[in-house]
Amino acid sequence: MRERKFVDTSVSRRSPLPIEIQPRYCVNHATDLTAGCSFACIYCPFADLNARRRGVRRPTAVDLSTLDDHPAPPTLFLSPASDAFAPQAADNTHRLLSHLLPRGTVVGIVTKGIIPDETLSLLAVYREQIEGVAVGVTNLDDERNARLEPGCPPAALRLRNIDCLVAHGVAVGLRLDPLIPEVDDVPESLERMADEAARRGALGITASYVIAWGRSLRRMRREPLLAKAVGWLTEHMPVEGGMAWGVALPRRRETYSRLAALTQARGLKFNICGCKNVELRTSDEFRTSCRNTWFLDDRGLRASEPEC
Ligand code: SF4
(Lines give C-alpha, C1' and ligand atoms only; values in the text may rest on other atoms or scores of the structure.)
Protein backbone atom coordinates (compact mmCIF):
# COMPACT_ATOMS: atom_id res chain seq x y z
CA MET A 1 0.00 0.00 0.00
CA ARG A 2 1.05 3.60 -0.66
CA GLU A 3 2.38 5.18 2.52
CA ARG A 4 3.45 8.71 3.25
CA LYS A 5 4.24 9.05 6.92
CA PHE A 6 2.47 11.82 8.83
CA VAL A 7 3.91 10.64 12.11
CA ASP A 8 6.47 7.93 11.96
CA THR A 9 8.46 6.62 14.85
CA SER A 10 10.71 3.61 14.49
CA VAL A 11 9.50 0.39 16.05
CA SER A 12 11.61 -1.30 18.68
CA ARG A 13 10.83 -4.70 20.14
CA ARG A 14 12.19 -3.46 23.48
CA SER A 15 9.83 -0.51 23.72
CA PRO A 16 6.04 -0.18 23.43
CA LEU A 17 4.63 0.13 19.92
CA PRO A 18 4.29 3.82 19.08
CA ILE A 19 1.14 5.25 17.56
CA GLU A 20 1.48 5.83 13.81
CA ILE A 21 -0.85 8.19 12.00
CA GLN A 22 -0.45 7.89 8.27
CA PRO A 23 -2.04 9.79 5.39
CA ARG A 24 -3.20 7.22 2.87
CA TYR A 25 -6.70 5.75 2.92
CA CYS A 26 -9.11 7.55 0.62
CA VAL A 27 -7.41 10.93 1.12
CA ASN A 28 -7.61 10.34 4.83
CA HIS A 29 -5.24 9.89 7.72
CA ALA A 30 -5.47 6.49 9.36
CA THR A 31 -4.23 4.70 12.43
CA ASP A 32 -4.45 1.37 14.24
CA LEU A 33 -4.81 1.14 17.99
CA THR A 34 -3.48 -2.41 17.96
CA ALA A 35 -0.95 -4.26 15.86
CA GLY A 36 -2.85 -7.39 14.88
CA CYS A 37 -6.54 -7.90 15.60
CA SER A 38 -8.15 -10.31 18.04
CA PHE A 39 -11.31 -10.53 15.94
CA ALA A 40 -9.27 -12.86 13.72
CA CYS A 41 -11.48 -12.85 10.62
CA ILE A 42 -10.11 -15.67 8.49
CA TYR A 43 -10.41 -13.70 5.23
CA CYS A 44 -8.47 -10.68 6.54
CA PRO A 45 -4.97 -10.14 5.11
CA PHE A 46 -4.38 -6.78 6.75
CA ALA A 47 -4.21 -7.53 10.49
CA ASP A 48 -1.55 -10.23 10.05
CA LEU A 49 0.50 -8.04 7.77
CA ASN A 50 0.52 -5.19 10.26
CA ALA A 51 1.34 -7.51 13.17
CA ARG A 52 4.31 -8.91 11.25
CA ARG A 53 5.45 -5.47 10.16
CA ARG A 54 5.42 -4.31 13.77
CA GLY A 55 7.06 -7.46 15.10
CA VAL A 56 4.32 -8.84 17.35
CA ARG A 57 2.84 -12.32 17.50
CA ARG A 58 -0.47 -11.47 19.14
CA PRO A 59 -2.75 -8.40 19.07
CA THR A 60 -0.84 -5.70 20.93
CA ALA A 61 -2.10 -2.29 21.96
CA VAL A 62 -0.06 0.66 20.74
CA ASP A 63 1.42 3.15 23.19
CA LEU A 64 -0.25 6.57 23.19
CA SER A 65 2.24 8.24 25.53
CA THR A 66 3.65 10.42 22.72
CA LEU A 67 0.24 11.50 21.41
CA ASP A 68 0.47 15.00 22.88
CA ASP A 69 3.60 15.62 20.82
CA HIS A 70 1.79 15.22 17.51
CA PRO A 71 -0.51 17.69 15.76
CA ALA A 72 -4.11 16.61 15.25
CA PRO A 73 -4.70 15.56 11.63
CA PRO A 74 -7.66 17.16 9.82
CA THR A 75 -9.30 13.77 9.29
CA LEU A 76 -8.73 10.29 10.65
CA PHE A 77 -9.91 6.81 9.73
CA LEU A 78 -10.05 4.02 12.34
CA SER A 79 -8.70 1.53 11.46
CA PRO A 80 -7.10 0.06 8.34
CA ALA A 81 -5.62 -3.12 9.83
CA SER A 82 -7.41 -3.65 13.13
CA ASP A 83 -10.70 -2.89 14.84
CA ALA A 84 -11.02 0.19 17.02
CA PHE A 85 -13.39 -1.63 19.38
CA ALA A 86 -11.64 -4.96 19.70
CA PRO A 87 -11.03 -5.60 23.42
CA GLN A 88 -7.34 -4.63 23.29
CA ALA A 89 -8.13 -1.42 21.38
CA ALA A 90 -11.25 0.07 22.95
CA ASP A 91 -9.58 1.99 25.80
CA ASN A 92 -6.96 3.43 23.47
CA THR A 93 -9.65 4.39 20.99
CA HIS A 94 -11.48 6.35 23.64
CA ARG A 95 -8.27 8.10 24.67
CA LEU A 96 -7.35 8.94 21.11
CA LEU A 97 -10.81 10.30 20.34
CA SER A 98 -10.81 12.33 23.57
CA HIS A 99 -7.56 13.89 22.41
CA LEU A 100 -8.39 14.53 18.75
CA LEU A 101 -12.07 15.46 18.67
CA PRO A 102 -11.67 18.59 20.83
CA ARG A 103 -8.88 19.63 18.43
CA GLY A 104 -11.22 19.49 15.45
CA THR A 105 -10.29 16.21 13.75
CA VAL A 106 -13.06 14.72 11.61
CA VAL A 107 -13.31 11.00 12.31
CA GLY A 108 -14.62 8.00 10.39
CA ILE A 109 -14.77 4.54 11.96
CA VAL A 110 -15.41 1.03 10.65
CA THR A 111 -16.07 -1.60 13.31
CA LYS A 112 -17.28 -5.12 13.89
CA GLY A 113 -17.03 -4.53 17.63
CA ILE A 114 -19.31 -3.02 20.25
CA ILE A 115 -18.94 0.68 20.99
CA PRO A 116 -18.75 1.27 24.77
CA ASP A 117 -21.32 3.66 26.27
CA GLU A 118 -18.66 6.16 27.30
CA THR A 119 -17.36 6.37 23.74
CA LEU A 120 -20.90 6.63 22.35
CA SER A 121 -21.43 9.67 24.55
CA LEU A 122 -18.16 11.20 23.35
CA LEU A 123 -19.10 10.64 19.70
CA ALA A 124 -22.47 12.26 20.38
CA VAL A 125 -20.86 15.42 21.80
CA TYR A 126 -18.76 15.74 18.63
CA ARG A 127 -21.35 14.38 16.19
CA GLU A 128 -20.68 17.23 13.73
CA GLN A 129 -17.13 15.86 13.35
CA ILE A 130 -18.14 12.23 12.96
CA GLU A 131 -18.08 11.54 9.25
CA GLY A 132 -19.68 8.21 9.98
CA VAL A 133 -19.45 4.94 11.81
CA ALA A 134 -19.78 1.94 9.50
CA VAL A 135 -21.00 -1.13 11.36
CA GLY A 136 -19.64 -4.30 9.77
CA VAL A 137 -22.16 -7.12 9.42
CA THR A 138 -22.37 -8.94 6.12
CA ASN A 139 -24.68 -11.78 7.06
CA LEU A 140 -27.11 -12.58 9.88
CA ASP A 141 -26.13 -16.27 9.90
CA ASP A 142 -24.51 -16.92 13.30
CA GLU A 143 -22.74 -20.07 12.15
CA ARG A 144 -21.19 -18.29 9.16
CA ASN A 145 -20.08 -15.45 11.40
CA ALA A 146 -18.64 -17.71 14.12
CA ARG A 147 -16.58 -19.63 11.57
CA LEU A 148 -15.36 -16.73 9.48
CA GLU A 149 -15.18 -14.00 12.14
CA PRO A 150 -14.46 -16.06 15.27
CA GLY A 151 -13.47 -13.18 17.55
CA CYS A 152 -16.27 -10.81 16.59
CA PRO A 153 -19.43 -10.28 18.61
CA PRO A 154 -22.62 -11.83 17.19
CA ALA A 155 -24.38 -9.94 14.41
CA ALA A 156 -27.32 -8.99 16.61
CA LEU A 157 -25.03 -7.18 19.06
CA ARG A 158 -23.10 -5.44 16.29
CA LEU A 159 -26.33 -4.24 14.73
CA ARG A 160 -27.39 -2.75 18.08
CA ASN A 161 -24.55 -0.26 17.52
CA ILE A 162 -26.67 1.21 14.74
CA ASP A 163 -29.62 1.72 17.10
CA CYS A 164 -27.37 3.35 19.70
CA LEU A 165 -25.61 5.64 17.22
CA VAL A 166 -28.91 6.72 15.67
CA ALA A 167 -30.26 7.43 19.17
CA HIS A 168 -27.17 9.58 19.81
CA GLY A 169 -27.55 11.46 16.52
CA VAL A 170 -24.31 10.09 15.05
CA ALA A 171 -24.08 9.29 11.33
CA VAL A 172 -24.03 5.51 10.87
CA GLY A 173 -24.08 3.09 7.97
CA LEU A 174 -24.05 -0.66 7.50
CA ARG A 175 -20.97 -2.17 5.90
CA LEU A 176 -21.28 -5.39 3.88
CA ASP A 177 -17.58 -6.09 3.50
CA PRO A 178 -16.41 -8.58 2.61
CA LEU A 179 -19.23 -10.11 0.63
CA ILE A 180 -18.32 -13.73 0.02
CA PRO A 181 -19.72 -15.30 -3.14
CA GLU A 182 -22.35 -18.00 -2.62
CA VAL A 183 -22.38 -17.28 1.13
CA ASP A 184 -23.35 -13.61 1.35
CA ASP A 185 -24.59 -12.55 -2.06
CA VAL A 186 -27.78 -14.56 -2.39
CA PRO A 187 -30.62 -12.10 -3.08
CA GLU A 188 -32.63 -13.02 0.03
CA SER A 189 -29.66 -12.33 2.30
CA LEU A 190 -28.92 -8.99 0.62
CA GLU A 191 -32.56 -8.01 1.02
CA ARG A 192 -32.50 -8.91 4.72
CA MET A 193 -29.42 -6.75 5.23
CA ALA A 194 -31.01 -3.82 3.41
CA ASP A 195 -34.08 -4.24 5.61
CA GLU A 196 -31.92 -4.21 8.75
CA ALA A 197 -30.16 -1.04 7.65
CA ALA A 198 -33.43 0.73 6.86
CA ARG A 199 -35.33 -0.47 9.93
CA ARG A 200 -32.58 0.67 12.27
CA GLY A 201 -32.15 4.10 10.70
CA ALA A 202 -28.76 3.72 9.00
CA LEU A 203 -27.94 6.32 6.37
CA GLY A 204 -26.83 3.77 3.83
CA ILE A 205 -24.85 0.69 2.90
CA THR A 206 -21.22 0.31 1.82
CA ALA A 207 -20.34 -2.96 0.13
CA SER A 208 -17.41 -4.78 -1.37
CA TYR A 209 -16.55 -8.34 -2.34
CA VAL A 210 -13.76 -10.23 -0.66
CA ILE A 211 -10.21 -9.98 -1.97
CA ALA A 212 -7.52 -12.43 -0.87
CA TRP A 213 -3.96 -13.52 -1.31
CA GLY A 214 -1.28 -15.40 0.63
CA ARG A 215 -2.21 -16.58 4.11
CA SER A 216 -5.78 -15.26 4.03
CA LEU A 217 -6.47 -17.15 0.81
CA ARG A 218 -4.99 -20.33 2.28
CA ARG A 219 -7.18 -19.98 5.39
CA MET A 220 -10.23 -19.55 3.19
CA ARG A 221 -9.32 -22.66 1.18
CA ARG A 222 -9.16 -24.70 4.40
CA GLU A 223 -12.62 -23.60 5.58
CA PRO A 224 -15.29 -26.10 4.40
CA LEU A 225 -17.99 -23.42 4.45
CA LEU A 226 -16.07 -21.60 1.71
CA ALA A 227 -15.47 -24.61 -0.56
CA LYS A 228 -17.67 -23.14 -3.30
CA ALA A 229 -16.81 -19.52 -2.58
CA VAL A 230 -13.09 -19.80 -3.23
CA GLY A 231 -13.90 -21.21 -6.67
CA TRP A 232 -15.26 -17.76 -7.55
CA LEU A 233 -11.96 -16.00 -6.78
CA THR A 234 -10.81 -16.35 -10.37
CA GLU A 235 -9.62 -12.83 -11.12
CA HIS A 236 -6.09 -11.72 -10.41
CA MET A 237 -7.11 -8.12 -10.36
CA PRO A 238 -5.76 -4.71 -9.46
CA VAL A 239 -6.54 -3.36 -6.02
CA GLU A 240 -5.15 -0.27 -4.36
CA GLY A 241 -1.48 -0.96 -3.71
CA GLY A 242 -1.13 -4.20 -5.65
CA MET A 243 -2.89 -7.27 -7.01
CA ALA A 244 -5.25 -9.73 -5.32
CA TRP A 245 -7.53 -12.61 -6.15
CA GLY A 246 -11.14 -11.57 -6.41
CA VAL A 247 -14.54 -12.11 -7.99
CA ALA A 248 -15.00 -11.41 -11.69
CA LEU A 249 -16.41 -8.02 -12.56
CA PRO A 250 -19.78 -9.20 -13.97
CA ARG A 251 -20.74 -10.84 -10.67
CA ARG A 252 -19.56 -7.86 -8.65
CA ARG A 253 -21.44 -5.48 -10.90
CA GLU A 254 -24.63 -7.56 -10.69
CA THR A 255 -24.58 -7.70 -6.89
CA TYR A 256 -23.70 -4.03 -6.47
CA SER A 257 -26.53 -3.13 -8.86
CA ARG A 258 -28.92 -5.27 -6.83
CA LEU A 259 -27.80 -3.55 -3.65
CA ALA A 260 -28.11 -0.14 -5.28
CA ALA A 261 -31.72 -0.94 -6.15
CA LEU A 262 -32.48 -2.35 -2.69
CA THR A 263 -31.02 0.69 -0.97
CA GLN A 264 -32.68 3.17 -3.30
CA ALA A 265 -36.07 1.53 -2.68
CA ARG A 266 -35.56 2.09 1.05
CA GLY A 267 -34.30 5.67 0.80
CA LEU A 268 -30.72 4.67 1.69
CA LYS A 269 -27.43 5.75 0.16
CA PHE A 270 -25.09 3.23 -1.45
CA ASN A 271 -21.39 3.14 -2.17
CA ILE A 272 -18.67 0.58 -2.79
CA CYS A 273 -15.01 0.40 -1.84
CA GLY A 274 -12.96 1.85 -4.69
CA CYS A 275 -9.72 0.34 -3.39
CA LYS A 276 -11.11 -3.16 -3.99
CA ASN A 277 -13.00 -2.26 -7.16
CA VAL A 278 -10.44 -0.29 -9.10
CA GLU A 279 -12.06 -1.05 -12.48
CA LEU A 280 -15.28 0.65 -11.37
CA ARG A 281 -13.66 3.90 -10.27
CA THR A 282 -13.86 5.43 -13.71
CA SER A 283 -17.46 4.41 -14.36
CA ASP A 284 -20.28 6.42 -12.87
CA GLU A 285 -22.37 3.40 -11.88
CA PHE A 286 -21.59 3.58 -8.15
CA ARG A 287 -19.93 5.90 -5.69
CA THR A 288 -16.52 4.27 -5.31
CA SER A 289 -15.38 5.59 -1.96
CA CYS A 290 -15.82 4.07 1.48
CA ARG A 291 -15.98 7.58 2.87
CA ASN A 292 -19.22 9.39 3.62
CA THR A 293 -18.88 11.68 0.62
CA TRP A 294 -22.31 13.18 1.32
CA PHE A 295 -21.07 14.34 4.74
CA LEU A 296 -17.90 15.76 3.20
CA ASP A 297 -19.72 17.53 0.37
CA ASP A 298 -22.23 19.06 2.80
CA ARG A 299 -19.40 20.59 4.80
CA GLY A 300 -17.28 21.66 1.88
CA LEU A 301 -14.54 19.38 3.14
CA ARG A 302 -14.34 17.75 -0.22
CA ALA A 303 -16.01 19.25 -3.25
CA SER A 304 -16.45 15.92 -4.97
CA GLU A 305 -15.96 12.24 -4.48
CA PRO A 306 -12.42 11.50 -3.38
CA GLU A 307 -10.41 8.92 -5.23
CA CYS A 308 -9.38 6.09 -3.00
S1 SF4 B 1 -12.15 -6.97 12.41
FE2 SF4 B 1 -11.26 -6.06 10.57
S3 SF4 B 1 -9.06 -5.85 10.99
FE4 SF4 B 1 -9.90 -7.27 12.52
S5 SF4 B 1 -9.53 -9.30 11.65
FE6 SF4 B 1 -11.63 -8.68 11.06
S7 SF4 B 1 -11.40 -7.71 9.04
FE8 SF4 B 1 -9.34 -7.82 9.96
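In this predicted model, Pro178 lies in strand E8, which covers residues 172-179. The peptide bond that joins Asp177 to Pro178 is cis, with omega at about 5 degrees. A cis peptide bond also joins Leu78 and Ser79, where omega is about -5 degrees. Ser79 has its place in the loop that runs between strand E5 (75-78) and helix H2 (90-100).

The overall architecture provides the setting for these local features. The protein contains nine helices and 12 strands, and the C-alpha trace spans about 50 × 40 × 35 Å along its principal axes. For a chain of 308 residues, a compact globule would have a radius of gyration near 19 Å, and the 18 Å of the protein therefore agrees with that expectation. Of the 308 residues, 44% count as buried. Among the contacts in the protein with a separation of 6 or more, 72% are accounted for by residues 24 or more positions apart.

The backbone also takes up positive phi values at residues other than glycine. One of these is Ala40, whose phi is near 55 degrees and which lies in the loop between strand E3 (34-35) and helix H1 (46-53). Ala40 has 17 other C-beta atoms within 10 Å and is therefore partly exposed, since a residue counts as buried if 20 or more such atoms lie within that distance and as exposed if 12 or fewer do. Glu182, likewise not a glycine, has a positive phi of about 75 degrees, and its position is in the loop between E8 and helix H6 (187-200). Because 14 other C-beta atoms lie within 10 Å of its own, Glu182 is partly exposed.

Ala40 is also one of the residues that surround the ligand. The surrounding residues are Cys37, Phe39, Ala40, Cys41, Cys44, Phe46, Ala47, Ala81, Ser82, Asp83 and Lys112. When this shell around the ligand is divided by class, eight residues are nonpolar, one is polar and two are charged.

The crossing of H6 and H8 is right-handed. On the side of H6 the contact is made by Pro187, Leu190, Glu191 and Ala194, while H8 contributes Arg258, Leu259, Leu262 and Thr263. Divided by class, the residues of this contact of H6 with H8 comprise five nonpolar, one polar and two charged.

The surroundings of individual residues were examined next. Leu140 is placed in the loop between strand E7 (130-136) and helix H4 (142-148). With 15 other C-beta atoms within 10 Å, Leu140 is partly exposed. When residues up to four places away in sequence are not counted, Leu140 touches Ala155 and Arg192. The C-alpha atoms of Leu140 and Met193 are separated by 7.8 Å, although these two residues are 53 residues apart along the chain.

In contrast to the loop position of Leu140, Leu123 is found within a helix, H3, which comprises residues 117-125. Leu123 has 24 other C-beta atoms within 10 Å and is therefore buried, whereas Leu140 is partly exposed. Leaving aside neighbours within four places in sequence, Leu123 is in contact with Ile130, His168 and Val170. Between Leu123 and Ser98 the distance from C-alpha to C-alpha is 9.3 Å, and the two are 25 residues apart in sequence.

Arg219 belongs to helix H7, which is formed by residues 214-222. With 19 other C-beta atoms within 10 Å, Arg219 is partly exposed, because the state of being buried requires 20 or more such atoms. Arg219 and Gly246, which are 27 residues apart in sequence, lie 15 Å apart in space when the distance is taken from C-alpha to C-alpha.

How values were computed: Residues are numbered from 1 along each chain as its sequence is written. This is a predicted model: local features need pLDDT of at least 70, side-chain atom pairs count only at pLDDT 80 or more; totals for chains, interfaces and linings use all residues. A residue is near a molecule or strand if its C-beta atom, placed from the backbone, lies within 6 Å of it. Ala, Val, Leu, Ile, Met, Phe, Trp, Tyr, Cys and Pro count as nonpolar, Asp, Glu, Lys and Arg as charged, and the others, Gly among them, as polar. Helices (H or I, at least four residues) and strands (E, at least two) are DSSP runs, numbered from the N terminus. Two residues are in contact if their C-beta atoms, placed from the backbone, lie within 7 Å. The radius of gyration is taken over C-alpha atoms; the globule rule is 2.2 Å times the number of residues to the power 0.38. A crossing is left-handed if the near helix is turned anticlockwise from the far one by less than a right angle, and right-handed if clockwise.
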